[in-house]
Amino acid sequence: MADEKHREPVEWKDQYKVDVEIIDENHRKFVEIIQRLDRVLNNKACKEDPSDIFYALVHYVEHYLLQEEIYFKNYQYPNFSRHKESHQYFIDQIIRFREEFEKGSETICLEMREFLIEWFREHILSYDKEAVYFLVQKGLNR
Ligand SMILES: [Fe+2]
């Protein structure tokens, strides 16, 4: 269960960069979504309105995850299907969070925060970095 007392603020750091501008820009935006969610949590406004968070997450899925998949496909990234499965898992979770929110879940913002932080650490800072390294080796423009 998420513990509100141990919420560390999340900040974008230079060490997170992969040095491909469009990807860094999107990862930075992802951090902003977590920060926005923190503001909702700090204002205890989760019950009223996390809808712009859902909107931002849909935008992240449509503009970023798909863009990544296009790169991976074009550059024949060998872990493409595993990476795509991970993206699908993310999409499924966001849909589930939205449904839980509609049903009136009171803990949804905290649960979602935990999930987004985990995604940031395990997917963005690990899988994405590894994949982008491959793309750059293959000649992706920075
Ligand atoms: Fe990814």
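Select α1 and α4 to begin: the crossing of these two helices is left-handed, a term used when the near helix is turned anticlockwise from the far one by less than a right angle, the clockwise case being right-handed. The model is predicted; local features need pLDDT of at least 70, side-chain atom pairs count only at pLDDT 80 or more, and totals for chains, interfaces and linings use all residues. Residues are numbered from 1 along each chain as its sequence is written.

**The α1 and α4 pair**

The axes of α1 and α4 come within 10 Å and cross at roughly 170°. α1 is thus roughly antiparallel to α4. Axes here are lines fitted to C-alpha atoms, for helices over the stretch in contact, with angles running from 0 to 180 degrees between N-to-C directions. Angles over 145 degrees count as roughly antiparallel, under 35 as roughly parallel, 65 to 115 as roughly perpendicular, and the rest as oblique.

Next, display the side chains between the two helices. On the α1 side, select I23, H27, F30, I33, I34, L37, V40 and L41; they meet C109, L110, M112, R113, L116, I117, F120, I124 and V132 of α4. Two residues are in contact if their C-beta atoms, placed from the backbone, lie within 7 Å.

**The α1 and α2 pair**

α1 passes α2 in a left-handed crossing, and the axes of the two helices come within 10 Å, at an angle of roughly 165°. α1 and α2 are therefore roughly antiparallel to each other. The contact involves N26, K29, F30, I33, R36, L37 and V40 from α1, together with I53, A56, L57, Y60 and Y64 from α2.

Centre on K29, a residue of helix α1. The cut-offs are 20 or more other C-beta atoms within 10 Å for buried, 12 or fewer for exposed, and partly exposed in between, with C-beta atoms placed from the backbone. A distance drawn from the C-alpha atom of K29 to that of A56 gives 9.0 Å, for residues 27 positions apart along the chain.

**The whole chain**

Zoom out to the complete fold. The chain has four helices and zero strands, in the order α-α-α-α. Helices (H or I, at least four residues) and strands (E, at least two) are DSSP runs numbered from the N terminus. The radius of gyration is 16 Å, close to the 14 Å that the globule rule gives for 142 residues, so the chain is as compact as a globular protein of that length. This radius is taken over C-alpha atoms, and the globule rule is 2.2 Å times the number of residues to the power 0.38. Along the principal axes, the C-alpha atoms fill a box of roughly 45 × 30 × 25 Å. Buried residues make up 20% of the 142 residues.

**The nonpolar cores**

Now select I33, L37, I108, C109 and M112. These have the most contacts inside the largest nonpolar core, which has 14 residues. Each of α1 (21-42), α2 (51-74), α3 (80-102) and α4 (108-137) supplies at least two residues of this core. A nonpolar core is a set of buried Ala, Val, Leu, Ile, Met, Phe, Trp, Tyr and Cys residues joined through C-beta atoms within 7 Å.

Which residues surround C109, leaving aside its neighbours within four places in sequence? C109 is in contact with L37, V40, L41, C46 and P50. A second, separate core of seven residues includes I23, Y71, F72 and Y77.

Move to K84 in helix α3. K84 counts as partly exposed, with 16 C-beta neighbours inside 10 Å. Its C-alpha atom lies 9.1 Å from that of L66, 18 residues away in sequence.

In helix α4, select L125, which is partly exposed with 15 C-beta neighbours inside 10 Å. L125 and Y16 are 109 residues apart in sequence and 6.7 Å apart in space, C-alpha to C-alpha.

**Two backbone positions**

Most residues other than glycine have a negative phi. Select D19, in the segment before α1: D19 is not a glycine, yet has a positive phi of about 65°. D19 is exposed, with 10 C-beta neighbours inside 10 Å.

End at Q76, in the loop between α2 and α3. Phi of Q76 is also positive, near 50°, and Q76 is exposed, with 9 other C-beta atoms within 10 Å.
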